[in-house]
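Hi everyone, thanks for coming.

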Amino acid sequence: MSHASAADDAAALAEPTVPVRSGWTVNLSLATLAVFMAFMTPIQILLPLQLEHIDPYGKNDALSLVTGLGALVAVLANPLAGAWSDRTTSRFGRRRPWILGGALAGAAGLSVTATQHTVAGVAVGWCLAQAGLNAMLAGVTTPIADRVPLTQRAQVSGWTGLMQSVGLVLGALITTLLITGVRSGYGTLAVLTVALALPFVLRHSDPPLPRALRPAFDARAFARSLWVSPRQHPDFGWAWLTRFLINLGNALGTLYLFYFLADAVHYGDPGTGVLILTVIYTLCAALTAIPAGVLSDRVGRRKVFVVLCSLVMAAAAVLLALLHTWPSALAAAAVLGAGYGIYLAVDQALVTQVLPEAADRAKDLGVINIANSGPQVLAPALASPIITHLGGYTGLYTTAALVILIGGLLVSRIRSVA
């Protein structure tokens, strides 16, 4: 092997040691913002409004169906796109082609969703959007493991993780204050998804994978590679389960927030209410995410922060379970945001430390991301019967608190990370 080839190999697969610059972090954060603005704004604002107009009496079941099917597509698309990204030998690198291609495909899916007038049509459009956006997500998630050293990883993860909440705030501002129509809201999100991806794609190099390191494609081996054995990699398994349960609890608490404000709190304008709560949530997450990431990097510890955030988030869910008032909702948004800010920074850094193989980073992070999207499949199936048969919103938020708490405590089973 030549010296040049060896250098390429090290750049593509070696554990990173050179700190990334602030411009790199900013542009990756913008691309991440694009993904989550396109993900979260339809779920929280546009889909409920669109489905309420299509089927006002069956809006709960329709929202569960559409978001559940979309999340099922996400469960499949993310690790598949990640696995193909790991095998990409383009001269533009492994990640950038998937970021741009996924952005274009996701924008097309959002445009299709905007034109639908039936529940089935909305479901098809949203599934198309989810497929593209999850290909993009596979591309924007992995550069932290590819390029960011451990001593900087939680801090960078804090910035990119915070984009989940910032994306929802900006999306809500756009779709409730600036662009008031559902169709124009989808169209604006589609344009922004591509525009915000371009700075990272165009300005930052991505070390290419030498063709000699790309494994020969075998369909059965490829399918088997999507399963990461928790027996062989127990820390990866516990990290996956921790993330799944915390995200399931969060999904149970947020999926029906629009209807919770309308039907339980009796807030006059639930769309504006969601926006206000989300702004508070995001501000509090911003206050904790970066400091928690910096502190975690400095002390070299991850698990204690995950336990702390689960306790804080569970407390917020209990508050929503006990009190169905606007002031209590405001307080819960602040507490939940503070807890989730810690989680966003530290858990992503923890996950990158338990990945089994450097050559499969995007695929393995795609498997981890099933723990983000999988709860979106399960939460609608659980939330609707809980609301109907197990105590309404009190039962829903009590369940969310228990699930979050269990998830946070299970992080202690991880052995290879402090």
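Y393 touches Y256, Y259, F260, D263, A264, H324 and I387, leaving aside residues up to four places away in sequence; contact here means heavy atoms within 4.5 Å. Before I go on, a word on the source: this is a predicted model, where local features need pLDDT of at least 70, side-chain atom pairs count only at pLDDT 80 or more, and totals for chains, interfaces and linings use all residues. Residues are numbered from 1 along each chain as its sequence is written, and side-chain values use heavy atoms, with hydrogens and water left out.

Back to Y393. Together with L47, V66, L110, M136, V140 and F260, Y393 touches the most other members of the largest nonpolar core, which has 116 residues. Such a core is a set of buried Ala, Val, Leu, Ile, Met, Phe, Trp, Tyr and Cys residues joined through side-chain atoms within 4.5 Å, buried being under 20% relative accessible area with a 1.4 Å probe, protein chains only. Which helix gives the most to this core? That is α2, residues 22–54, with 15 residues; helices are DSSP runs of H or I, at least four residues, numbered from the N terminus.

Now over to D297, in helix α12, residues 270–299. D297 counts as buried because its relative accessibility is 12%. Its side chain makes a polar contact of 3.1 Å with that of R302, meaning N or O atoms within 3.5 Å, one able to donate a hydrogen and the other to accept it, with residues adjacent in sequence counting only if both atoms are side-chain atoms.

Technical notes
Helices (H or I, at least four residues) and strands (E, at least two) are DSSP runs, numbered from the N terminus. Buried means under 20% relative accessible area, exposed over 50%, partly exposed in between (1.4 Å probe, protein chains only).
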